Amino acid sequence: MEKFILDEERVKSCIDNYKRIKNDVMETAVKAGRSENDVRLMCVTKTVEPEYINPVLDLGADLIGENRVQEYCSKLDTLHLDGVEKHIIGHLQTNKVKYIAGKVDMIESVDSIKLAKEINKEFKKADAIANVLVEVNIGKEESKSGCNIEELEELLCQIAEFDNIKIKGLMTIPPICDEAEARKYFAKMHDKFVELQEKSISGVDMQILSMGMSADYEAAILEGSNIVRVGSAIFGARKYF
Ligand SMILES: *Cc1c(COP(=O)(O)O)cnc(C)c1O
């Protein structure tokens with residue numbers, strides 16, 4: 001294994017980026033007519049070494065998101081996670097659910113009844129409740145996971161039947177596009193979110209709308225997001241290995 005050498009400059013830029021974006025998120029919330037603490041900033045930590053994540057957590061960051069189960073589990077012991085909420089945000093294979101049962105605060109990427117069934121089974125075994133968001137494929141892209149918006153309500157009703165799952169809201173990733181286009185997708189998602197809130201479906205607690213990433217978090221906040229998931233704008237471009 002290559003010896004790890006800490007890049008002090010990168011630590012400094014992670015800290016500066018986090019502070020700037022945290023401030024920006026609060027200001028944008030206010031600009032959108034909401035309170036400054038209405039929108040949570042998630043630090044997306046996939047591929048980032050704990051040495052760069054911990055300085056940001058030490059500043060008071062209170063929400064992280066990881067994509068891969070194996071990477072998530074291997075980092076848990078070295079991260080400064082006191083008071084920090086941990087979400088799984090990547091596509092989740094059913095055979096990986098057992099490794100995170102009872103060990104995450106939320107799974108944001110539930111998009112099928114099959115996955116929900118497995119989550120329910122494994123969290124029951126772990127004597128835990130799974131808080132979940134249902135992921136919507138708002139741009140109907142072949143390459144993306146998430147359910148179609150037309151099937152969303154039916155899926156929510158089915159998942160709501162599981163004893164060990166609590167539905168807390170929705171998550172989406174729009175297609176790669178310019179900001180004006182992205183805002184339309186975010187607005188469409190927010191309309192659906194409000195519509196479902198008003199329906200008060202039994203067992204569905206529609207509180208969270210997780211949308212917006214490094215390139216478009218401001219647009220997402222202006223259209224009603226209350227969790228933005230920011231990775232590269234905080235930690236720098238990702239290296240995959
Ligand atoms: C990687 C990832 C992010 C963060 O992406 P950035 O563009 O680096 O901010 C957000 N959400 C999900 C689901 C991701 O996989």
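Visitor: How many salt bridges are there by the rule used here?

Guide: This is a predicted model, in which local features need pLDDT of at least 70, side-chain atom pairs count only at pLDDT 80 or more, and totals for chains, interfaces and linings use all residues. Residues are numbered from 1 along each chain as its sequence is written, and side-chain values use heavy atoms, with hydrogens and water left out. A salt bridge is a side-chain nitrogen of Lys or Arg within 4 Å of a carboxyl oxygen of Asp or Glu. By this rule the count is 19.

Visitor: R40 forms a salt bridge with which residue?

Guide: Side chains of opposite charge can pair when their charged atoms come close. For R40, the closest N and O atoms of the pair are 3.7 Å apart, and the partner is D62.

Visitor: How many residues apart in sequence are the parts that R40 and D62 tie together?

Guide: Helices (H or I, at least four residues) and strands (E, at least two) are DSSP runs, numbered from the N terminus. R40 lies in strand β1 (residues 40-44), whereas D62 lies in the loop between α2 (50-57) and β2 (63-66), so the pair ties together parts whose separation in sequence is 22 residues.

Visitor: Which residues are linked with K121 and E122 in a network of salt bridges?

Guide: The side chains of K121 and E122 meet at 4.0 Å, N to O. The network that contains this pair also includes E118 and K125.

Visitor: What separates E195 and K192 along their helix?

Guide: The side chains of E195 and K192 meet in a salt bridge of 3.4 Å, N to O. Both residues belong to helix α7 (residues 179-199), and because they are three residues apart, their separation is about one helical turn.

Visitor: What is the phi of S200?

Guide: Most residues other than glycine have a negative phi. S200 lies in the loop between α7 and β7 (204-210), and S200 is exposed, with a relative accessible area of 55%. Its phi is positive although the residue is not glycine, with a value near 30°.

Terms used
Buried means under 20% relative accessible area, exposed over 50%, partly exposed in between (1.4 Å probe, protein chains only).
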